[in-house]
Amino acid sequence: MRAVCIESFRPAAEVVVSEVATPEPGPGEVRVRIAYAGVNPVDWKICQGAMQAVFPHRFPLTLGWDASGVVDRVGPGVSRLQPGRRVMGYCRQYGTPVERGTYAEYICVPEDLLVPVPDGLSLKAAASLPLPFLTARQALIEAGGLKAGETVAIVGAAGGVGSLAVQIARLQGARVLAYSRPGSEAYLTALGADRVLGNLSLFDADALGGEQPDLIFDCIGGEALSAALERVRSGGRVVTITGEPDVRRADERGVRAERIVAKANRGHLEQLAELCERGQLQLPQIEAMPLEAVAEALGRSQRSAVRGKLVLEVAP
């Protein structure tokens, strides 16, 4: 089968599609013929070895974490999903080595990592959702404890994770401040943001007229993460997906700061499917690129040159 498989860490610009053996499902596993695979920042970071301290790795390693497709074959003990079923999923088990990825024509994963794609949702759209939704939901609700009536600031709100975080926060009944690059105002307002500000506004104490959010969700890291610790209210919360927060500074301000990594959760993915089926979730802007353009796609992700979500077209 065709797959983006690497034998060692390397720059994202050097990855190519190669031929590897097609996997066979084991007990409790489902084999999915992948239609589309999501492109996420974690992919180029893993490719370059930037996540070695966070996850164990095992070579040869196929890139990609989430995907949509059709069940092709099932292993012994599988009862919920059968061949021919359209599915989407976050195809990585927390705590296991990064090895089998979704930038491939086929993948074998435990049945519980997948949920059916709702009628009316395209496979292209379905591939754009699992990892960003799990990340946004678990950051805001599980780690951030966001409640109705609170104010949350989302930094990097126009990206794949941020676009969904804005909507999840609104569904929670929170007031949403969206920080993003210029040009995203109409997009984020349509998603439900109450105010849209440029990323640089985070460094300006006067930009919000003295308002201090209860929770800041940081999707871009760097200096923005340091600024978040200063702008959140004393006793508030900061959740990031990009780096380790300054624990000393957080303690000084009485702020709870945490870095999270999304974990597979079938119940959360079923909630995602339900929201899509009810029309309660507006899809991010989605752009598809062929699998052979994987180096270009990873490069764009690395440069933050994506609004909404980028997916790779594997076998639609």
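How many bridges join strand E13 (residues 215–218) to strand E14 (residues 237–240)? Four bridges join E13 to E14, and the two strands run parallel.

## Basis of the description

The structure is a predicted model, in which local features need pLDDT of at least 70 and side-chain atom pairs count only at pLDDT 80 or more, while totals for chains, interfaces and linings use all residues. Residues are numbered from 1 along each chain as its sequence is written, and side-chain values use heavy atoms, with hydrogens and water left out.

Helices (H or I, at least four residues) and strands (E, at least two) are DSSP runs, numbered from the N terminus.

## The parallel sheet

Six strands form an open sheet in the order E12-E11-E10-E13-E14-E15, with parallel pairing, where two strands pair if DSSP finds at least two bridges between them. Strand E12 (195–198) and strand E15 (256–259) are the edge strands, each pairing on one side only. On average, and with direction ignored, neighbouring strands of this sheet are turned by 15° against each other; axes here are lines fitted to C-alpha atoms, for helices over the stretch in contact, and angles run from 0 to 180 degrees between N-to-C directions.

Within the sheet, E10 and E13 pair in the parallel sense over four bridges, and Val155 has Asp218 in E13 as its bridge partner. Asp218 in turn stands opposite Thr240 in E14, and Phe217 has Val239 in E14 as its bridge partner. Both faces of E13 are covered, with Leu215 and Phe217 buried on one side and Ile216 and Asp218 buried on the other; buried means under 20% relative accessible area, exposed over 50%, and partly exposed in between (1.4 Å probe, protein chains only). In a regular strand the side chains alternate between the two faces of the sheet.

Helix H4 (residues 160–171) lies across strand E10 (151–155), strand E11 (175–180) and E13, and runs at about 170° to E10. Ala169 has its place in H4 and is buried, with a relative accessible area of 0%. Leaving aside neighbours within four places in sequence, Ala169 is in contact (heavy atoms within 4.5 Å) with Leu140, Leu146, Val152, Ala174 and Val176.

## Helix packing elsewhere

The axes of helix H3 (residues 130–143) and helix H8 (residues 266–277) come within 10 Å and cross at roughly 110°, which makes H3 roughly perpendicular to H8, a label for angles of 65 to 115 degrees, whereas those under 35 count as roughly parallel, those over 145 as roughly antiparallel and the rest as oblique. Residues making the contact include Phe133 and Leu134 of H3 and Leu269 and Leu272 of H8.

In helix H9 (residues 294–302), the buried residues are Val294, Ala297, Leu298, Gly299, Arg300 and Ser301. Their cover includes strand E4 (29–39), helix H1 (41–47), strand E16 (286–290) and strand E17 (309–313).

## Cysteines

The structure holds zero disulfides, a disulfide being a pair of cysteine sulfur atoms within 2.5 Å. Cys5 is in no disulfide, and the nearest cysteine sulfur, that of Cys47, is 11 Å away. Cys108 is buried, with a relative accessible area of 1%, and the sulfur of Cys108 is too far for a bond from the closest cysteine sulfur, in Cys91, at 11 Å.
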